[in-house]
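Here is a short briefing to read alongside the model. Please keep the sequence and the 3D view open as you go.

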Amino acid sequence: MENNSLEQKFNSLIIAVSIIIPVAVAILFGVKLKDFGYNVEPLSFLPPIYATTNGITAILLVAAVIAIKNGKRKLHERLMTGAIALSVAFLVMYVAYHMTSDSTKFGGEGAIKYIYFFILITHIILSIAIIPMVLIAYVRALSENFDRHKKIAKITFPIWLYVAVTGVVVYLMISPYYVY
């Protein structure tokens with residue numbers, strides 16, 4: 001019963017964070033610091049860094065699954081904590097970049113344009129959907145409710161992996177159009 005009470009304790013926080021993060025990112029995406037009189041240089045060096053962060057996140061996720069399948073729970077825990085930390089770092093860098101730089105338009109034409117936008121849109125939608133899933137899985141692990149953790153983790157893992165990998169793909173596809 002104690003395990004479920006810990007989950008219930010965090011439910012409101014998970015809901016709040018799952019709403020606040022996408023709303024804040026959407027609002028901040030449209031905020032340009034220069035419009036408020038802050039003369040800041042564009043943080044144009046960040047996209048390859050946050051794309052790399054996504055790539056490392058994907059590697060950590062795969063390594064974490066391998067660790068848990070091999071019975072290495074403590075290693076799994078550390079790898080997952082690292083993946084969460086990198087996802088938070090990505091988010092901070094992503095918002096900082098967009099608050100200091102104009103958005104880059106994808107310049108490809110034809111079928112590649114449709115492929116790019118399909119990947120981008122699914123990446124964005126799933127990056128929003130994954131927030132509560134990761135938080136629920138994390139709280140279930142904290143409360144040592146491993147059966148319930150495993151159930152949501154089996155759904156969360158492939159979605160989070162898709163988001164991490166497509167983050168790199170989106171960067172690679174749009175990088176030729178960045179203006180430095």
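How do the residues of the lining of the largest pocket divide into nonpolar, polar and charged? They divide into 32 nonpolar, eight polar and one charged, where Ala, Val, Leu, Ile, Met, Phe, Trp, Tyr, Cys and Pro count as nonpolar, Asp, Glu, Lys and Arg as charged, and the others, Gly among them, as polar. This is a predicted model, in which local features need pLDDT of at least 70 and side-chain atom pairs count only at pLDDT 80 or more, while totals for chains, interfaces and linings use all residues. Residues are numbered from 1 along each chain as its sequence is written, and side-chain values use heavy atoms, with hydrogens and water left out.

**Overall fold**
- The protein chain has five helices and zero strands, where helices (H or I, at least four residues) and strands (E, at least two) are DSSP runs numbered from the N terminus.
- Along the sequence, the pattern of the protein chain reads α-α-α-α-α.
- The C-alpha trace of the protein chain spans about 55 × 35 × 25 Å along its principal axes.

**The largest pocket**
- Its volume is about 1200 Å³; a volume is the space filled by probe spheres set on grid points, which are joined across faces, edges and corners.
- On a 1 Å grid over the protein atoms alone, a pocket is an open set of points where a 1.4 Å probe fits, with protein on both sides within 12 Å along at least five of seven lines, and lining residues have an atom within 4 Å of a point.
- The largest pocket is lined by 41 residues, and F90, L91, Y94, H123 and S127 lie nearest its centre.
- Two or more lining residues come from each of α1 (2-29), α2 (46-69), α3 (73-100), α4 (111-142) and α5 (146-174).
- α4 gives the most to this lining, with eleven residues.

**The second largest pocket**
- About 780 Å³ of space lies in the second largest pocket.
- Its lining has 24 residues, of which I68, H76, M80, H149 and A153 lie nearest the centre.
- At least two lining residues come from each of α2, α3, α4 and α5, and α5 gives the most, with eight.
- By class, the lining of the second largest pocket has 14 nonpolar, four polar and six charged residues.

**Helix packing around α5**
- Two packed helices are described by the angle between their axes and the distance between the axes.
- Axes are lines fitted to C-alpha atoms, for helices over the stretch in contact, and angles run from 0 to 180 degrees between N-to-C directions.
- α4 and α5 pack at about 150°, with their axes 7 Å apart, and are therefore roughly antiparallel (over 145 degrees; under 35 is roughly parallel, 65 to 115 roughly perpendicular and the rest oblique).
- The crossing of α4 with α5 is left-handed, meaning that the near helix is turned anticlockwise from the far one by less than a right angle.
- The axes of α2 and α5 come within 8 Å and cross at roughly 150°, making α2 roughly antiparallel to α5.
- Residues in the contact of α2 with α5 (heavy atoms within 4.5 Å) include P47, P48 and A51 of α2 and F157, W160 and L161 of α5.
- That contact divides into 14 nonpolar, four polar and no charged residues.
- α3 and α5 pack at about 45°, with axes 14 Å apart, which makes α3 oblique to α5.
- R73, H76, M80, A83, I84 and S87 in α3 meet F146, H149 and W160 in α5.
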